[in-house]
Amino acid sequence: TTALAQPSLRLEVGGQQFGGFASLVQDREAGGTVTLEQGWISDAFLGLWWPELGKDLAPGPHRFPAECVGRRVEVTQALAPGNARGRLRSWTLIDACPIACEVDARDGEKSSVTSLTLRVGGVGAAM
């Protein structure tokens, strides 16, 4: 699988972690999307939008319903793990809705994914 043992980006909603990824790519030309690459998501993450879609994603590509109520999603990265100052970089995905993902494999209640793409109304960044 392509899941990383220690992904550097944490995917969170309401202070709870729902995934981890190696990289974040913002595509301003594709109508405001953000793609998280090489990581994992929990079944509960997609269940925040569509309870019926949150479980048992089979390996392969998936597209999700275009109609969706956006949520605030946080992506955080520890810049110096173990450092006493605990510096973080974060991105706030405003009005985020998952629109697609590529699942590699399933492991319990998690899916290893090549990519997760979210439509966003805006992105706020902080360091």
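Me: What percentage of the 127 residues of the chain count as buried?
Reply: Happy to start there, keeping in mind that this is a predicted model. A residue is called buried when its relative accessible area is under 20%. Of the chain's 127 residues, the share that counts as buried is 40%.

Me: Where in the order of elements does the helix of the chain come?
Reply: The chain has one helix and eight strands. Reading from the N terminus, the order is β-β-β-α-β-β-β-β-β.

Me: How many residues of strand 3 are buried?
Reply: Strand 3 spans residues 33-42, ten residues in total. This strand is mostly covered, and its buried residues number eight.

Me: Which residue in strand 3 stands opposite Val25?
Reply: Strand 2, residues 16-27, pairs with strand 3 in the antiparallel sense. Eight bridges make up this pairing. Opposite Val25, the residue in strand 3 is Thr35.

Me: What is the bridge partner of Thr33 in strand 7?
Reply: Strand 3 also pairs with strand 7, residues 110-119. That pairing is antiparallel too and runs over nine bridges. For Thr33, the bridge partner in strand 7 is Arg119.

Me: Among contacts in the chain with a separation of 6 or more, what percentage do residues 24 or more positions apart account for?
Reply: A contact here has heavy atoms within 4.5 Å. Taking the contacts with a separation of 6 or more, residues 24 or more positions apart account for 57%.

Terms used:
Residues are numbered from 1 along each chain as its sequence is written. This is a predicted model: local features need pLDDT of at least 70, side-chain atom pairs count only at pLDDT 80 or more; totals for chains, interfaces and linings use all residues. Side-chain values use heavy atoms; hydrogens and water are left out. Helices (H or I, at least four residues) and strands (E, at least two) are DSSP runs, numbered from the N terminus. Buried means under 20% relative accessible area, exposed over 50%, partly exposed in between (1.4 Å probe, protein chains only). Two strands pair if DSSP finds at least two bridges between them.
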